[in-house]
Amino acid sequence: MIDNEKNRLTTSQAAVIVINFILGSGILTLPRTSVEKVHTPDVWITVILAGFFAMLAGVIIVKLSQRFPQTTFYQYSQEIVGKWLGIACGFLIIGYFIMTSALQVRYMAEVTSFYLLEGTPEWAIIMAFLWVSLYLVTGGMQPIARMFEIILPITVLFFLLVSLLSLKIFEIDYLRPVLGMGIQPVFAGLRTTALSYSGFEIMLILCAFMDTPSKATKAVLVGISIPLVFYLITVVMVVGAFSIDGVVTRTWPTIDLIRSFEMTGILFERFESLLLVLWIMQIFSTFCIAYYAASFGLSQLFGKKIRPFLYGLLPLLYLIAMTPKDLGQVFALGDMVGNASLILFGGLPLCLLIISRWRVKRIDATSSP
Amino acid sequence: MTPHHRRKRLLLTLLSAFLLASLTACWSSKDIDKMGVGVGLSLDVAHPSPVEQELEKRGGAYPKSDKITLTYQFINPKATGKEGTSTGPQQKAYLNVSETGDSLHQITREFALRQDGPIYSPHLKVIVISEALAQSYRLDHLLDQYLRDNEIRPSCLIFISKDKAMDALESKKQGELPALHLLGITDNENRTDRLIHPVSLARLATHMNSGSSFLLQNLVSAEKEVKFAGAAVINGVTKRWGGFLDEHDLEGLTWITGKGKGGVLKSLDKKTGQLLVYEIKTMDSTITPKVEKDRISFEVTIKSEGRLSEKWVTSGDPFDQGFLKRVEQTTEAEVQQLVRNVTNKMQKQFKADVAGFGNRLRIEYPRTWEKVKTDWDRTFCTVPISYAVHVTISDFGASGLLSKSFRITLPNESALLLRKKPE
């Protein structure tokens, strides 16, 4: 189906896309949202556990996609559950991608206008962001992947640097005791934390682009384990700096972590601008891939070229992004989209996998005698 | 090239020229020399300055009740610019402006009616609160705006001032910024055990939300000079000023927490009553909580290694292990006395745990902690605490010879005297 040979992705490119899709705005609030649920310093265990669940879900998605080589979810869902139900599933997923991308834009605008460009109207920030991403996604999957390959190493490098610097205000006592209240609290935060791993669902579409789809499992596992390490470092550093009592009072704890110390004598004494710039790049990549996945789905479902959908979606994304009236509504919408993703990508692929196995067997059984 | 193409190219050129023009400036740029760069601020009980009173008399008033006087310290760009080549009268490096009112944010905005540039706060380093104000208002209310603010960084440090807080932001020295001066003093932790680790806004939020009592560095000022003296106890429940630990108490507290990085300990030799000074090289303490049938107790083991750095005892010989043992014992006794004194104050006088006993209990016995944490300070007052102090004197500096040679020469001298006497 993906006829353009130039659009083929290598395994590492697929992994990079998964990493960049997962690492979005979630990392900025993850320490708070997870501690709110867990209430003990054991959130880091939750982060690891949730990562493993995400891997499981990711592998299910890959196994499902591998049964239908060269086709994306939008096409093979019709094969599994019939045309109309399949199209409905397709639209659900497209709706999810649209909401995710719109939300990313809004998060980006909120953080940027609060910490970085106070006074610049939100629409101005968003416009520039949207137009640049339109320019990127019109190129197709391969340019997106190459762009991500540039963004990722820069993010990793500076993220690690900034995290290490925050050791200055790190207190090991804030992370103790380990499992002081038993294992129960760890599970309490599992759902919230698992949501921050959403992004691996891109494999529903990505498998069809890969030049060696057999290695898709590897791509998704690597793609989840790197964000796992990122999340782990973030949660440990933020809780170690603020303690669980302090984390819950900060709206954007990860940014406040960097704002809470100064490195006198170094070229940059303050790193939050640097971190924010990096994170805008990460949000940009998350946005681009979700935007492309939604447009690509529409083009496949309607059997038309992708361009009109790319142009058409852009104003829609802007409108959705600007719909929530305040930050509270943004966070509430984020929760809604997160819950939807739990059903869409935790449950649906598993159901489809079981149905497809069962139907294929039945077809075999009816045709063999 | 067809005319159509030419027109398209012209259009594109115009469009890109327009886009380039729009890229030349920052959207919300402000000239840095026009801005009031705030480096420090102080909060006092309301006492409007004469200027303010006069302005208000002439109609410069708005509906408010006078509760708090906020003093903002700005860098004076005129003074710093002229430095070195000054011909006229020297200007101070800073400008302190006070405003009185009830809402801190509104007070800050009132400056916009008096100054020509906007206030720029990301470089705000210190906030000094007067003891009197911290006694009458909750700290979480006083500092709420600064914790919400997007300009002020959570790395900003908080101090309490025994006297008027605005006095702590004054300096006599030419070209010195008092706010940065305070910041500089916090770096001296390796030289004294009478400093507490500075509390930033971020840490303060943590303390506030956990409900535990904590300390803030206390400042005293006289004649435009500031000294770091002791610490203010902030009660975890009332969030207000709850007492004062003087320098001596603070020393004891540092020994309990074991967080000291340096400093000296003075003690008197038991035999001679003479001065002995112990310089701390390392300090470590382990607070071990014990829970037996809901009965909580603590055992504190303090270990320290250091040097005999000053000795007024004439008879003592540093090369003699026996004497060093004696010094160790006196020092240990002195530490014991210090920590018991401050423990007594915490339990009887302030009724607040500011040494982190609760924290140790939380880590070792999380389930017990869940039961007692809401009323920890009251429970703490009744908890038995025992101390064990181990001091090791690892060296006595470059000079041990002074007294040894003294002892050797002494008989000779007296012999000389004896011989001389008959003459």
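## The largest cavity

H7, helix H11 (216-247) and helix H12 (253-259) of chain A each supply at least two residues to the lining of the largest cavity. The model is predicted. The lining consists of A:Phe159, A:Val162, A:Ser163, A:Ile233, A:Thr234, A:Thr254, A:Leu257, A:Ile258 and A:Leu275. The volume of this largest cavity is about 60 Å³.

A search of the whole structure finds 4 cavities of 30 Å³ or more. Rolling a probe the size of a water molecule over the atoms shows where empty space is left.

## Chain A: the loop between H7 and H8

Helix H7 spans 141-165 and helix H8 spans 184-188, and A:Ile183 sits in the loop between them. A:Pro177 lies in this loop between H7 and H8 as well. A cis peptide bond joins A:Pro177 to A:Arg176, with omega about -5°.

A nonpolar patch on the surface is formed by A:Val178, A:Leu179, A:Ile183 and A:Phe187. Together they have about 340 Å² of accessible area. A:Ile183 has a relative accessible area of 43%, so it is partly exposed.

## Chain A: a buried threonine

A:Thr193 belongs to helix H9 (residues 190-195) of chain A. Its relative accessible area is 0%, so A:Thr193 is buried. Leaving aside neighbours within four places in sequence, A:Thr193 is in contact with A:Leu30, A:Ser34, A:Thr46, A:Val47 and A:Ala50.

## Positive phi in both chains

A:Ser243 is not a glycine, yet it has a positive phi of about 65°. This residue lies in helix H11 of chain A. Its relative accessibility is 5%, so A:Ser243 counts as buried.

In chain B, B:Glu223 is not a glycine either, and it has a positive phi of about 45°. B:Glu223 is found in the loop between strand S8 (214-222) and strand S9 (225-234) of chain B. Its relative accessibility is 66%, so B:Glu223 counts as exposed.

## Salt bridges in chain B

Over all chains, the structure holds 30 salt bridges. One of them joins the side chains of B:Lys162 and B:Glu131, at 3.0 Å from N to O. This pair links distant parts of the chain, 31 residues apart. B:Lys162 is in the loop between strand S6 (157-161) and helix H8 (178-185) of chain B, while B:Glu131 is in helix H5 (residues 131-136). B:Lys162 counts as partly exposed because its relative accessibility is 32%. B:Glu131 counts as buried because its relative accessibility is 11%.

B:Lys227 and B:Glu247 form a salt bridge, the closest N and O atoms being 2.6 Å apart. The pair links distant parts of the chain: B:Lys227 is in strand S9, B:Glu247 is in helix H10 (residues 247-257), and they are 20 residues apart. At 45% relative accessibility, B:Lys227 is partly exposed. Another salt bridge pairs B:Arg138 with B:Asp140, whose closest N and O atoms are 3.0 Å apart. B:Arg138 is partly exposed, with 25% relative accessibility.

Terms used
Residues numbered from 1 in each chain as written. Chains lettered and ligands numbered in written order. Predicted model: local features only at pLDDT ≥ 70, side-chain atom pairs only at ≥ 80, totals over all residues. Heavy atoms only, no water. Patch = residues over 30% accessible without salt bridge, like charges linked within 9 Å, V, L, I, M, F, W, Y side chains within 5 Å. Areas by Shrake-Rupley, 256 points an atom, 1.4 Å probe, with all protein chains shown as cover. Salt bridge = Lys/Arg side-chain N within 4 Å of Asp/Glu carboxyl O. Helix = DSSP H or I, 4+ residues; strand = E, 2+ residues; numbered from the N terminus. Buried < 20%, exposed > 50% of the residue type's maximum accessible area, 1.4 Å probe, protein only. Contact = heavy atoms within 4.5 Å. 1 Å grid on protein atoms, 1.4 Å probe; cavity = no way out; pocket = protein on both sides within 12 Å on 5 of 7 lines; lining within 4 Å. Points joined across faces, edges and corners; volume = space filled by probe spheres on them.
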